[in-house]
Amino acid sequence: MTFSAAISNDIFLTYVMVIVGLLAVAGLLLGLMTALGKNVSSVWRTYRGWLVMVPLVLGTILLGRTATIVGVALLAMFGFKEFARATGLYEDWWLTGLVYLAIVLLGVASIVSDPRLNYPGWFGLFITLPAYVAAAILLVPILRNRSKGQLQQVALAIVGFLYFGWMFSHLGFLANTNYAYGYILYLVFAVEINDIAAFTCGKLFGKHKLRDNISPNKTIEGAIGAVFVSLLVPWMLWFSFPHFEPWDLVLVGLIVGIGGQLGDLVISYIKRDIGIKDMGVLIQGHGGILDRIDSMIFVAPIFFHVIRWIHGIR
Amino acid sequence: MDEWEYHPPPDIDESMSEHLQNFPRQPYMLVYAIRSIAALLLRGWMRVYHRMRIDGRDHLPASGSYILVCNHTSHLDTLCMLCSVPLKQVHRAFPAAAADYFFSNLPRSAISAVLINALPFDRKAKGAESLTVCSRLLENDGNILIIFPEGTRTTTGEMGRFRSGIARLVVGTELPVIPCYLEGGLGAWPKGVLLPRPRRLHLRIGESRSYSHLDKTSASVREICHDLEERVAELGRSNG
């Protein structure tokens, strides 16, 4: 993944055209609805958020492998920060700082090469890092000779690192794979489509609550509709991974369709347990970073490991 | 099993610009890191470019909250005062800054809040409210409030009359007030000039004052104003 590779890569260019085209069509539709006197101001806000995010994401991927990995690491850090602030872990600067450092290490492991192999991305370190980080986090109460409330702090730090740091960082590690553009762009695109499909199907057909104690607005109909849409998406985006067999397409469709909604529900019950509505306010019309990347956190590692098992990553 | 207690911060629903305008601010690691680096660079720059000299550092209390009061000739005053406090206390030193100027837009708010750690002070409508914020700040141990009681920068070099806010803040309390005088600020960075000139700066820190013996009356307030004005002017007159 480099700048020159990106501008001559058919997969990247196709995605750019598709996404820009979809944004244009959505903008026109919204303009039309406004002209017809419909109240779509909240949708406009979300749309403007997209207009900021899409160039940032595509621009980062355009810049190349290192930029993509750094971008994912930064998102992971900001995502973890939102989690840490919401839970109160952020008051503990030692543990929070340690998790930040560990996320930086994940980025470094994704960028450098394994000293014994000569291709980029130190997979062994990336995969085993959670063991070292968990050990380091568990050592902190010993070092400061404190026990009160430490289990909660340590548990929050480990969950925060594993989920928002390590699991999400698999997206960055995908930049080292042979079909980096296809994999990353498919994931970003398909996960967002899955989110939109769940929302739309829920609004259109929703009757039965999916998990009423976690997220009262999600419905079984919305979930099924999203899985159905997500199963179709890989067939339309087959050019992203031309080496895939048809049943691979079904598999990645299911990963995105089911995993995306599970990620959404995970953040939902975390928020509900804490008692907050959004994880923060960063992107206008989208809540905090975690409210945006929640689905990806669940999907990225499963996609990565399933693809690695079936096809290898290089 | 007991339920865990979470402590989400009160500003969790607020956007970046609201974070910057609010006071007291929630602590952020990134902000602390940037401010620490900025404070280090500032100290180096003041020493090299302005050959800054600080006398009377030993008058600063080692613990507890206190107020620094200084004459006001330029923006360098604030920077100089920030250099006078120990580096590890830089996150607890709050220069009171006019909200209508230093927090008027997002870039200015960002500089004021992140680099200077300014306390937005409403010098017009809500003066009393701002004083309440100040006294609440000083109730916490170890906070330093930096105030320029003239309220605005002088253009002539003549020290203006002290406004009563500072006096109302400290009358009848144990709070130590430390008068300071900065010499050279007007020549180095007069009002309306874009960048500071490489002139010498000399900050003199006077002996701590306390007004616990006074009652909360307007006569005492006038007395404190007068006393502080005298002390600052005296520091300005002293040579050395």
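The dialogue below goes through some features of a predicted two-chain model.

Me: What should I know about the model and its numbering before reading it?
Reply: Residues are numbered from 1 along each chain as its sequence is written, and chains are lettered from A and ligands numbered from 1 in the order in which they are written. The model is predicted, with local features needing pLDDT of at least 70 and side-chain atom pairs counting only at pLDDT 80 or more, while totals for chains, interfaces and linings use all residues.

Me: How many helices and strands does chain A have?
Reply: Helices (H or I, at least four residues) and strands (E, at least two) are DSSP runs, numbered from the N terminus. Chain A has 11 helices and zero strands.

Me: What does the radius of gyration say about chain A?
Reply: The radius is taken over C-alpha atoms, and the globule rule is 2.2 Å times the number of residues to the power 0.38. For 314 residues a compact globule would come near 20 Å, and chain A agrees, with 20 Å. The C-alpha trace of chain A spans about 65 × 50 × 35 Å along its principal axes.

Me: How much of chain A is buried?
Reply: A residue is buried if 20 or more other C-beta atoms lie within 10 Å of its own, exposed if 12 or fewer, and partly exposed in between, with C-beta atoms placed from the backbone. In chain A, buried residues make up 41% of the 314.

Me: Which residues touch the most other members of the largest nonpolar core?
Reply: A nonpolar core is a set of buried Ala, Val, Leu, Ile, Met, Phe, Trp, Tyr and Cys residues joined through C-beta atoms within 7 Å. The largest has 80 residues, and those touching the most other members are A:F168, A:I184, A:L187, A:M296, A:I297, A:V299 and A:A300. Helix α8 (residues 180-205) of chain A gives this core its largest share, 14 residues. A second, separate core has 58 residues, including B:L76, B:A113, B:C134 and B:L175.

Me: What is A:I184 in contact with, leaving aside its neighbours within four places in sequence?
Reply: Two residues are in contact if their C-beta atoms, placed from the backbone, lie within 7 Å. A:I184 is in contact with A:I61, A:T68, A:L171, A:L174 and A:A175.

Me: At what angle do α2 and α3 of chain B pack?
Reply: Axes are lines fitted to C-alpha atoms, for helices over the stretch in contact, and angles run from 0 to 180 degrees between N-to-C directions. Angles under 35 degrees count as roughly parallel, over 145 as roughly antiparallel, 65 to 115 as roughly perpendicular and the rest as oblique. Helices α2 (residues 29-49) and α3 (residues 76-84) of chain B pack at about 110°, with axes 10 Å apart; α2(B) and α3(B) are therefore roughly perpendicular. B:A39, B:L42, B:R43 and B:M46 in α2(B) meet B:L79, B:C80, B:L82 and B:C83 in α3(B).

Me: How many residues does each chain bring to the contact between chains A and B?
Reply: Chain A brings 14 residues and chain B brings 10 residues. On the chain A side, α4 (65-87) and α5 (93-111) each supply at least two.

Me: Where do A:N145 and B:N117 lie, and are they buried or exposed?
Reply: A:N145, in the loop between α6 (123-143) and α7 (150-173) of chain A, has a positive phi of about 55°. A:N145 is exposed, with 6 other C-beta atoms within 10 Å. B:N117 lies in the loop between α5 (106-116) and β4 (119-121) of chain B, with phi near 65°. B:N117 counts as buried, with 23 C-beta neighbours inside 10 Å.
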